[in-house]
Amino acid sequence: MLAQMKHKRNGVTLVELMVVLVILGVLAALAAPSMADMWNRRRVAAVADEIANDLAFARSEAVAKGTNVQIHYKKSTDLSCYTVNYRGTVGFCNCLSTTAPACDPIDTTATEVKTVQIPGSLGVTFESTGATGIGANRIEFTFPQFTPNPADFSVLVSGRRGVSLKVQVNAMGRIKTCSPNGTMPGVASC
């Protein structure tokens, strides 16, 4: 009676498991570059959104507080940063500082509201563009007009492989995000 019973195996063999692992490895190798590009585009978009939101916040603070509000932009080899502050009379703010307050402590009228630092290791950098001279790295929303100084200001956010977005502020203080090289799907070209 035992001789007539058939043995039925449940499970997978080692060969079947190896074939599945090879197929998964090939699929992962094909998907990795596109996933890296997707994460890079998302990081660039997230930084550009934060910059646009903070520009709108600075303008609304100028309206709400009845004072001038500035944003100072800086970039070093390993860090991009900016500081939102109520305008002081003497000094300026330096967001590159990692130990001290960003705004000059001697100038008690310059109040730091927010400092944002983006390490270069994330693959995203930004810098202000267009303005030259003393106001090259800053924008100020001036009370009581609430218009930006300089009148046309932009920040270029760049990622790996040429992906970039530009956050622009026009002379009326309106904020717009666009793609200067058309590399961001769903975002209008500049």
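The legends below describe an overall view and several close-ups of a predicted model.

**Figure 1. Overall view of the predicted chain.**
Along the sequence, the elements follow the order α-β-β-β-β-β-β-β-β-β. Of the 190 residues, 33% are buried. Among contacts with a separation of 6 or more, 49% join residues 24 or more positions apart. The accessible surface is about 11500 Å², and carbon and sulfur atoms contribute 59% of that area.

Asn68 has a relative accessibility of 15%; the cut-off for buried is under 20%, so Asn68 counts as buried. Leaving aside residues up to four places away in sequence, Asn68 touches Asn85, Tyr86 and Arg87, and also Glu140, Phe141, Thr142 and Phe143. With Glu140 there is also a polar contact, side chain to side chain, at 3.2 Å.

**Figure 2. The ring pair Tyr73 and Tyr82.**
A pair of aromatic rings is described by the distance of the centres and the angle of the planes. The chain has four aromatic pairs. In the pair shown here, the ring centres of Tyr73 and Tyr82 are 5.4 Å apart and the planes meet at 40°, so the pair is tilted. Tyr73 and Tyr82 are both buried.

**Figure 3. The ring pair Tyr82 and Phe126.**
For the rings of Tyr82 and Phe126, the centres lie 5.8 Å apart and the planes stand at 65°; planes over 60 degrees apart count as edge-to-face, so this pair is edge-to-face. Tyr82 belongs to strand β2 (residues 79-86) and Phe126 to strand β4 (residues 125-129), so the pair ties together parts that are 44 residues apart in sequence. Tyr82 counts as buried because its relative accessibility is 1%. Phe126, also with a relative accessibility of 1%, counts as buried too.

**Figure 4. The aromatic cluster.**
Which residues do the ring pairs link into a cluster? The members are Tyr73, Tyr82, Phe126 and Phe153. Within this group, Tyr82 pairs with Tyr73 in a tilted arrangement and with Phe126 in an edge-to-face arrangement.

Notes:
Residues are numbered from 1 along each chain as its sequence is written. This is a predicted model: local features need pLDDT of at least 70, side-chain atom pairs count only at pLDDT 80 or more; totals for chains, interfaces and linings use all residues. Side-chain values use heavy atoms; hydrogens and water are left out. Helices (H or I, at least four residues) and strands (E, at least two) are DSSP runs, numbered from the N terminus. Buried means under 20% relative accessible area, exposed over 50%, partly exposed in between (1.4 Å probe, protein chains only). Contact means heavy atoms within 4.5 Å. Accessible areas come from the Shrake-Rupley method with a 1.4 Å probe; for residues, only the protein chains shown count as cover. A polar contact is a pair of N or O atoms within 3.5 Å; within protein, one must be able to donate a hydrogen and the other to accept it, and residues adjacent in sequence count only if both atoms are side-chain atoms. Rings of Phe, Tyr and Trp (its six-membered ring) pair if their centres lie within 6.5 Å; planes under 30 degrees apart count as stacked, over 60 as edge-to-face and the rest as tilted.
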